[in-house]
Amino acid sequence: MIKTNPKNERIKRAYCDYLREAMGRDEATIDRVMASIARFEESTKGKDFKRFHREQAKAFKRQIAEASNARTGDRLSKSTVLATVRDLRAFFLWLAREPGFRSHIDYGHADYFTLSEKDVAIARARRERDVPSLEQCQRALAAMPIKTVLDRRDRALFALAFITAARISALASFRLGHINVDQGFIDQDARTVRTKAAKTFRTFFMPVDDNAPLIVANWALELTRDHLWEPADPLFPKTRMGLDVQGCFAPLGIAREGWASGDRARDIIQGAFAAIGLPKFHPHSIRHALIRHAMSLDLSPEEMKAWSQNLGHTDVLTTFLSYGQVSTHRQGELIQAASRNLQDAHGIDDRALLDALAARLKAGGANSAVSRGRGSVDL
């Protein structure tokens with residue numbers, strides 16, 4: 001644990017204010033930047049930022065290349081390393097123009113927070129992710145228990161994620177008044193829902209499971225009828241903890257407040273897959289599964305645009321470029337099917353091809369004999 005440098009803390013606070021007020025960055029982004037700066041401070045043992053030099057940047061890159069993820073123990077991914085050095089480059093470029101630092105920090109030294117072109121290519125490479133099939137999602141949902149109110153909350157959460165592909169932060173912040181079970185939609189209102197980029201849009205229930213809309217409707221009815229909750233109350237409330245009959249600390253039901261983050265919602269969805277022996281698919285993979293399903297439906301351009309808007313995408317190209325990657329297995333199926341179609345179109349038959357070649361060779365032999373009779377030379 002390094003000793004805190006008061007001077008560094010003051011300038012970091014000023015940088016947070018700059019990111020928040022001047023650049024409009026959200027708190028999650030600011031937290032990530034502060035983590036990157038803290039990692040750099042660990043490598044320099046908390047030296048004053050005024051003493052920054054390119055050698056510190058070079059040493060930091062060597063160190064972070066060998067660093068491990070504290071949670072998994074694996075080496076940090078290239079994408080994480082790339083994001084970290086970019087945060088630091090931006091920070092020192094800003095610092096170099098601030099009063100009191102201009103004469104101490106060289107702009108050019110900040111450029112040393114740059115990875116090689118090879119590492120950047122590795123960090124940006126698209127990799128195929130594990131995506132559940134619709135049948136796997138349906139089976140996981142059907143297997144979820146319903147004995148307690150917490151079980152029914154968890155099942156309704158999974159069901160809503162399945163038919164809306166809502167992001168995990170939005171799921172955790174929905175309120176009862178956002179959902180309209182009669183018309184089959186939920187409003188993702190950025191004033192109260194933690195949507196990406198603060199977008200506001202309406203998501204209609206997607207026709208991928210017959211039981212999921214009924215599960216969501218029953219949960220909303222249970223909240224209003226049995227718990228007397230109102231539209232401003234959370235759709236997926238926190239677990240209420242307390243002492244059970246044995247005097248042990250245990251879950252007792254639902255609390256009238258929502259989750260502060262999507263961590264618990266993520267655990268619920270991953271746990272539902274794991275409970276039936278499937279991988280712990282990330283909740284975001286459900287979005288990919290629904291888009292792959294849409295691509296298999298031979299939708300019209302207008303229908304595909306509607307599907308894209310349902311996910312909160314302003315541009316349909318976002319849907320195709322970010323989520324529309326064909327899986328490797330499906331890629332092979334499509335290429336092989338195209339090959340078979342090509343053969344069928346040309347009517348290629350191996351037996352007929354051999355007979356045609358034999359006839360041509362026979363005809364060629366007769367022509368050679370005639371040529372020899374006329375005095376030609378057979379080479």
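**The largest nonpolar core**

The largest nonpolar core comprises 54 residues, and those with the most contacts inside it are Leu 160, Leu 171, Phe 174 and Leu 235. A nonpolar core here is a set of buried Ala, Val, Leu, Ile, Met, Phe, Trp, Tyr and Cys residues joined through side-chain atoms within 4.5 Å; buried means under 20% relative accessible area, exposed over 50%, and partly exposed in between (1.4 Å probe, protein chains only). The model is predicted: local features need pLDDT of at least 70, side-chain atom pairs count only at pLDDT 80 or more, and totals for chains, interfaces and linings use all residues. Residues are numbered from 1 along each chain as its sequence is written, and side-chain values use heavy atoms, with hydrogens and water left out.

The elements that give two or more residues to this core are helices H7 (134-143), H8 (149-164), H9 (168-173), H10 (212-225), H11 (263-274), H12 (284-295) and H13. Helices (H or I, at least four residues) and strands (E, at least two) are DSSP runs, numbered from the N terminus. The largest share of the core, 10 residues, comes from H8.

Leu 235, leaving aside its neighbours within four places in sequence, is in contact (heavy atoms within 4.5 Å) with Leu 160, Phe 174, Arg 175, Leu 176, Ile 186, Trp 219 and Leu 223. Apart from this core lies another, of 32 residues, among them Val 33, Leu 88, Val 120 and Ala 123.

The axes of H8 and H10 come within 8 Å and cross at roughly 135°. Axes are lines fitted to C-alpha atoms, for helices over the stretch in contact, and angles run from 0 to 180 degrees between N-to-C directions. H8 is therefore oblique to H10, since angles under 35 degrees count as roughly parallel, over 145 as roughly antiparallel, 65 to 115 as roughly perpendicular and the rest as oblique. Residues of H8 that make the contact include Ala 156, Leu 160 and Ile 163, and those of H10 include Ile 215, Val 216 and Trp 219.

In H13 (residues 301-310), Met 304, Trp 307, Ser 308 and Asn 310 are buried. Seen down the axis of H13, these buried residues fall within an arc of 160°, so they line one face of the helix; the arc is that of the directions from the helix axis to the C-beta atoms. On the other side of H13, Pro 301 and Glu 302 are exposed. Just after H13, Gly 312 takes a positive phi of about 90°.
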